[in-house]
Amino acid sequence: MNALSAEVHRFLPTTPADPGFGVYVHWPFCAAKCPYCDFNSHVRHQAIDQERFARAFAREIAVMAGRSRGLTVTSIFLGGGTPSLMEPATVGAILDAIAANWTVAPGAEVTMEANPSSVEAERFLGYRAAGVNRLSLGVQALNDEDLRGLGRLHDVAQALKAIELARSTFPRLSFDLIYARPGQSVASWEAELARAIDLAADHLSLYQLTIEHGTPFYALHKAGKLKVPDGELSADLYEATQSVTRTAGLPAYEISNHAVPGAESRHNLTYWRYGLYAGVGPGAHGRLMGRLGRHAVATEPNPERWLQMVEDWETGTTIDDALSHQEEADELLLMGLRLTEGVDLKRWRQVSGRDIDPTVEADLVAQGMVERLSPDRIRATPAGMLVLDAVVADLA
C-alpha cells in the first residue's frame, strides 16, 4: 500500500506563525496547449515514458530532501501541465518517494490538479488510492461556447460529471473558473458563479483572464481580434465576484481564492505566508534555505533536457540563488498582501531590517488602498487588491 494512502479524517492546518513546508511536483505535459496559458506545459504526440520520469522524480526528490533535512512536509501539490495525464501508478511512485525521503505529517494535504475529461475522471479512484486527498479541477467555464473559445478539450457535461465523481471520491475538492472573458457581462458572470457555488464543495479558485505575452491570445489581442472587458468592467466583475461568494459563505481569503472558513488550500497558504517549499520536476520553482539564507531554486523547464540532467547529475537545477534581505522582504510583502489576513510586520521587520515608511503608509491609507488590522499587521483593502502591484511597489 502507498505510504500516503491511508484514509484522512483530519487535515493538518497551517497558521501565519507556522506556514508549513510544502513539496511541489510539476508534471509538464498537456494534451493540448490552451491559448491563454503561459505555464511550463508541453504537448508530445508520442507516448511519455512515465516509469522513466517517475524514477527521475524520485532522484530529484532525494536531492531536494537532502537540502531540507529536519523539515516535515505539511502539503504536497501535483501541478502542471496536466497531472491527471499521469497513470495512478506514477502518482503513487512519486508520493512514495516523498514519503521515503521526508517525514510527512499525519493529515498532510495532497492536492492534484486534473482536467475534467471523461478519460481522466475514470482515474479518480486510482489517484485516491495512491494518496491524493484533495482535487483541483480545471473547469474554467460553465458554458460550451466559452470552453471552446478558451481552447478547452472538455464540455460542460464532462465537467459536471467530473465534479460529481470528484465529490464522491475525494475528501476535498476545488475547481477553477476564468472570468472577464470576451463578451462577458456582470449579470452573466453572476449567474454562472451562482451555479458554480451550487456545484462547489468548499473551495473555488476564480481568476480574471489575463493576456500573457507570448501566448496565442496575446497575438490575437494585439491584432485587435480578441476583445476582453476593459478596466472598469473588469473591476465590476471582480467586485461582483467578492460580493456573490461572500454572501454564499465562500469569502475570499486571497485575491483569487475563496473558501468556507477552514477549507483554504494549505499548500498555497504556505506560499502566501512565505514558507519554505521544494520544487521538483521540469520548470519547478522552490524556496529553500542555504548557507547564506533563503535561496530561490528552479529547474530546467524543457522536460527532455530535465530528464537527461537528472539521470546524469541527479537534479535538473539550473537556478540556485541566495536572496538578499531586501529581496526576501519584497517577496514576503508581495505574497502576504495577496491574503485577506495581511502581513505580519514583525516578521517583515526581522527580514528587512526596517519599518514600513509611515508617510507612504499614511498616503495609501488615505487613498483606501491599505489598512492596519493591528499594530503589527497590515493588509490591502478590496480597492488595493485591484492594484496590488502598485501598492506593493510603494510599500517596498
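Ala180 is buried, with a relative accessible area of 2% (buried means under 20% relative accessible area, exposed over 50% and partly exposed in between, using a 1.4 Å probe and protein chains only). Its place is the loop between strand S7 (172-179) and helix H7 (186-199), where helices (H or I, at least four residues) and strands (E, at least two) are DSSP runs numbered from the N terminus. Although Ala180 is not a glycine, its phi is positive, at about 60°.

Before we go on, please note that this is a predicted model, in which local features need pLDDT of at least 70 and side-chain atom pairs count only at pLDDT 80 or more, while totals for chains, interfaces and linings use all residues. Residues are numbered from 1 along each chain as its sequence is written, and side-chain values use heavy atoms, with hydrogens and water left out.

## Other backbone features

Glu314 is another residue that is not a glycine and has a positive phi, here about 80°. Glu314 sits in the loop between helix H11 (303-313) and strand S14 (317-322), and it counts as partly exposed at 41% relative accessibility. Most residues other than glycine have a negative phi, and most peptide bonds are trans.

The peptide bond between Gly80 and Gly81 is cis, with omega about 25°. Gly81 belongs to the loop between S4 and helix H2 (88-101).

## Parallel strands and their neighbours

Strand S4 (residues 72-80) is mostly covered, with 8 of its 9 residues buried. S4 pairs with strand S1 (residues 21-27) in the parallel sense over 6 bridges; strands count as paired if DSSP finds at least two bridges between them. Within that pairing, Tyr24 stands opposite Phe77 in S4. S4 also runs parallel to strand S5 (residues 103-114), joined to it by 6 bridges, and Leu78 faces Met112 in S5.

S1 pairs with S11 as well, in the parallel sense and over 5 bridges; the bridge partner of Val23 in S11 is Ala278. Strand S11 (residues 276-280) is largely enclosed by the rest of the structure, because 5 of its 5 residues are buried. Leu276, Ala278 and Val280 point one way from S11, while Tyr277 and Gly279 point the other way.

Ala278 also gives us a reference point for the end of the chain. Ala393, found in helix H16 (residues 388-395), is exposed, with a relative accessible area of 56%. Ala393 and Ala278 are 115 residues apart in sequence and 27 Å apart in space, C-alpha to C-alpha.

## An antiparallel sheet

An open sheet of 3 strands has the order S15-S17-S16, with antiparallel pairing. Its edge strands, S15 (343-344) and S16 (370-374), each pair on one side only. S16 meets strand S17 (residues 377-380) over 4 bridges in the antiparallel sense, with Arg377 in S17 as the bridge partner of Ser374.

## The nonpolar core and the domains

The largest nonpolar core has 87 residues, and Val91, Ile98 and Trp102 are among those with the most contacts inside it. Such a core is a set of buried Ala, Val, Leu, Ile, Met, Phe, Trp, Tyr and Cys residues joined through side-chain atoms within 4.5 Å. Helix H1 (residues 50-66) gives the most to this core, with 6 residues. Val91 touches Leu78, Met86, Met112, Tyr127, Ala130 and Val132, leaving aside residues up to four places away in sequence.

The chain is divided into domain 1 (21-271) and domain 2 (339-395), with bounds from an automatic or database domain assignment. Their C-alpha centres lie 29 Å apart, and 8 residues of domain 1 are in contact with 6 residues of domain 2 (contact means heavy atoms within 4.5 Å).

## Pocket and cavity

The second largest pocket has a volume of about 320 Å³. Its lining has 19 residues, with Gln242, Arg246, Ala252, Thr340 and Pro382 nearest its centre. Helix H9 supplies the largest share of that lining, 6 residues. On a 1 Å grid over the protein atoms alone, a cavity is a set of points where a 1.4 Å probe fits but cannot get out, and a pocket is an open set with protein on both sides within 12 Å along at least five of seven lines; lining residues have an atom within 4 Å of a point. Grid points are joined across faces, edges and corners, and a volume is the space filled by probe spheres set on the points.

There is 1 cavity of 30 Å³ or more. The largest cavity holds about 130 Å³ of space, and Arg273, Gly342, Val343, Asp344 and Arg347 lie nearest its centre among 13 lining residues. Helix H12 (325-336) and S15 each supply at least two residues of this lining.
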